[in-house]
Amino acid sequence: MTPEEIGALIRRIEDEERRLRLPHFDNDDAWRLGSLLVDMAREQGAPVVVDIRRNGQQLFHCALPGTSADNDAWILRKTRTVDRYGCSSYLVGLRFAAKGESFEEKSRLDPDTYAAHGGAFPITVEGVGVVGTVAVSGLPQAEDHRMVVAGLERFLA
């Protein structure tokens, strides 16, 4: 990706994070959002894990056929990145890339604990801030990210 392409992608994701804010978020919302993402994945034949957490508590988790425990590990690493930086895991990685740096080398964080790859997105409640994460793992990182964004867009519609 060129620096211009990275910059454009960063701006797009920052816009997504501004737009995709929820009026509230409770356990029932987690179930509905998670179920919506699972239905979307099934329609696409996507072998993914869907995971939703609020304040560290796992509220929804579903592993579709074709996934493995490795996807669960990716979910945890990407979710920890969102929790630490307060923005999507994809955006974190892209911001390092925009500086010509590698997250794994420059963040000083254990790569077995954190991953700045697409697929985990902050759950932000209007007037409150980031309260949790919604994550997908199983596709290439840009597709994991797009699935989460598409799910949040449908959920908010």
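Student: Why are helix 2 and helix 6 called oblique to each other?

Tutor: The axes of helix 2 (residues 27-44) and helix 6 cross at roughly 125° and come within 10 Å. Roughly parallel requires under 35 degrees, roughly antiparallel over 145 and roughly perpendicular 65 to 115, the rest being oblique; helix 2 and helix 6 are therefore oblique. The axes are lines fitted to C-alpha atoms over the stretch in contact, with angles from 0 to 180 degrees between N-to-C directions. The helices are DSSP runs (H or I, at least four residues).

Student: On what kind of model does this rest?

Tutor: This is a predicted model, in which local features need pLDDT of at least 70, side-chain atom pairs count only at pLDDT 80 or more, and totals for chains, interfaces and linings use all residues. Residues are numbered from 1 along each chain as its sequence is written, and side-chain values use heavy atoms, with hydrogens and water left out.

Student: What makes the contact of helix 2 with helix 6?

Tutor: Contact means heavy atoms within 4.5 Å. Helix 2 contributes D29, R32, L33, L36, L37, M40, A41, E43 and Q44, and helix 6 contributes M147, V148, A150, G151, L152, R154 and F155. By class there are ten nonpolar, two polar and four charged residues; Ala, Val, Leu, Ile, Met, Phe, Trp, Tyr, Cys and Pro count as nonpolar, Asp, Glu, Lys and Arg as charged, and the others, Gly among them, as polar.

Student: How is helix 1 known to be roughly parallel to helix 6?

Tutor: The axes of helix 1 and helix 6 (residues 141-156) cross at roughly 30° and come within 11 Å. That angle makes helix 1 roughly parallel to helix 6. R12, I13, E16 and R19 of helix 1 meet H145, V149, E153 and L156 of helix 6. These residues divide into three nonpolar, one polar and four charged.

Student: What makes helix 1 roughly antiparallel to helix 4?

Tutor: Helix 1 (residues 3-19) and helix 4 (residues 89-98) pack at an angle of about 150°, with axes 10 Å apart. Helix 1 is therefore roughly antiparallel to helix 4. The contact is made by I6, L9, I10, I13, E14 and E17 of helix 1 with Y90, L91, L94, R95, A97 and A98 of helix 4. Nine of the contact residues are nonpolar, none is polar and three are charged.

Student: Which element gives the largest share of the lining of the largest pocket?

Tutor: Helix 4 gives that share, with four residues. Helix 4 and helix 5 (103-106) are the elements that give two or more residues to this lining. The residues of the lining divide into seven nonpolar, four polar and two charged.
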